[in-house]
Amino acid sequence: MTTPTIELKPSANPLSDAEREAILANPGFGRHFTDHMVTIRWTEGRGWHDGQLVPYAPISLDPATNVLHYAQEIFEGLKAYRRPDNSVATFRPEMNARRFQRSARRLAMPELPVETFIEACDVLVQQDKAWVPAHGGEESLYLRPFMIATEVGLGVKPANEYLFLVIASPAGAYFAGGVKPVSIWVSEDRVRAVPGGMGDAKTGGNYAASLLAQAEAAVKGCDQVCYLDAVEHTWVEELGGMNLYFVYGNKIVTPSLTGSILEGVTRDSLLTVARDLGYEAEERRVSIDEWQADSENGTLTEVFACGTAAVITPVGTVKRADAEWKQSDGEPGEVTVKLREALLDLQRGTREDRHGWMHQL
Ligand code: COI
């Protein structure tokens, strides 16, 4: 399969410096988008073609376009960081590129070559470099590569045409409270994904499936929903859009990958960062009863959520149908803070990148 070279067709009318700076002063999450986007098409028999960087703009779709009916869609999330020397780097883009390929396989979509995925992200970040927030703060430029089935027709089958896009959005904290602990509602009846399903693929359907339980969590006064496994309704899986870590003193534990949990890049990175810092790091099953009992007996000292968007966010109150407990007293725990700082320092370029994770532009 040939790799398309991305043709540059920059905007004649980008936002002014003043308008951009006003957005960067308080970007929020996913509310503002940069001046450009990348698009690449795939057609059966022809492969990937027509790679372009174009002004950010609405896309027009026939009402019968496949993705609108059968949700053949996948996406990724990764970030670009401003470094002390003012250069810009992305974090582990090849991991996102490989997960994008796995998601594509699961949804019967064509696989974008890893180098094309990285090139598309690079071209967009280069063009919209001024949108990468200043070094040193919590902010970064969030990249959202995604792919949709664009064949027109209502037949249920893998489409014969696809559109891959990358858009970018300056991002501050995902949660309005910043790094303040979030509250969790444990959903013991609704599940996010089933064995043999597509829980380990990054596809919009999984997020759509999470919304009702997320809304129920809000009714219970919680920020996020936590899912248990679909068979025994016992084993902790993940939150609606992020993985979980449990801190037992000097050891961090995350639920092992079962096929219905998303293989988070931050989740994976923390196993290594924790070991670098001298902690033990383990992947194993954790039951909801163990979570409650170990919090109550004090052996489980901290819990945090992690993801590209959420970075590392501490868990505060946890509620389930017949119990409620406080995981933290309102401040992030010591291990949570250490891991968060170590990961962010690495990403911002103020900590040695021993594993070669940063992709310098
Ligand atoms: C991410 O952390 O990048 C995610 O995809 C989570 C969410 C914003 C959907």
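Trainee: Where is the place of Gln-214?
Mentor: This is a predicted model: local features need pLDDT of at least 70, side-chain atom pairs count only at pLDDT 80 or more, and totals for chains, interfaces and linings use all residues. Residues are numbered from 1 along each chain as its sequence is written. Helices (DSSP H or I runs, at least four residues) and strands (E runs, at least two) are numbered from the N terminus. Gln-214 sits within residues 204-219, that is, in helix 5.

Trainee: Is Gln-214 buried or exposed?
Mentor: Count the other C-beta atoms, placed from the backbone, within 10 Å: 20 or more means buried, 12 or fewer exposed, and in between partly exposed. Gln-214 has 20 such atoms, so Gln-214 is buried.

Trainee: Which residues does Gln-214 touch, not counting those up to four places away in sequence?
Mentor: Contact means that the two C-beta atoms, placed from the backbone, lie within 7 Å. With that cut-off, Gln-214 touches Val-225 and Gly-240.

Trainee: What separates the C-alpha atoms of Gln-214 and Ile-184?
Mentor: Along the chain, these two are 30 residues apart. Their C-alpha separation is 9.8 Å.

Trainee: How many residues of strand 15 are buried?
Mentor: Strand 15 covers residues 302-307 and is mostly covered. One side holds Glu-302, Phe-304 and Cys-306, the other Val-303, Ala-305 and Gly-307, and all are buried.

Trainee: What is the bridge partner of Phe-246 in strand 15?
Mentor: Strands pair if DSSP finds at least two bridges between them. Strand 12 (residues 243-248) and strand 15 are antiparallel, with five bridges. In strand 15, Phe-246 is bridged to Val-303.

Trainee: Which residues surround the ligand, and of what class?
Mentor: Near means a C-beta atom, placed from the backbone, within 6 Å of the molecule. Ala, Val, Leu, Ile, Met, Phe, Trp, Tyr, Cys and Pro count as nonpolar, Asp, Glu, Lys and Arg as charged, and the others, Gly among them, as polar. The shell is two nonpolar, four polar and no charged residues. Its members are Gly-77, Tyr-207, Gly-241, Gly-307, Thr-308 and Ala-309.

Trainee: How many residues has the largest nonpolar core?
Mentor: A core is a set of buried Ala, Val, Leu, Ile, Met, Phe, Trp, Tyr and Cys residues joined through C-beta atoms within 7 Å. Those with the most contacts inside the largest include Leu-143 and Ala-305. That core's residue count is 86.

Trainee: How far apart are the end C-alpha atoms of helix 8?
Mentor: The expected span is 1.5 Å times one less than the number of residues. Helix 8 (residues 334-348) has 15 residues, so it should span 21 Å. The model agrees: the ends are apart by 21 Å.

Trainee: Is Ala-108 buried or exposed?
Mentor: Ala-108 is in the loop between helix 3 (93-106) and helix 4 (114-127). Its phi is positive, about 55°, although it is not a glycine. With 11 other C-beta atoms within 10 Å, Ala-108 is exposed.
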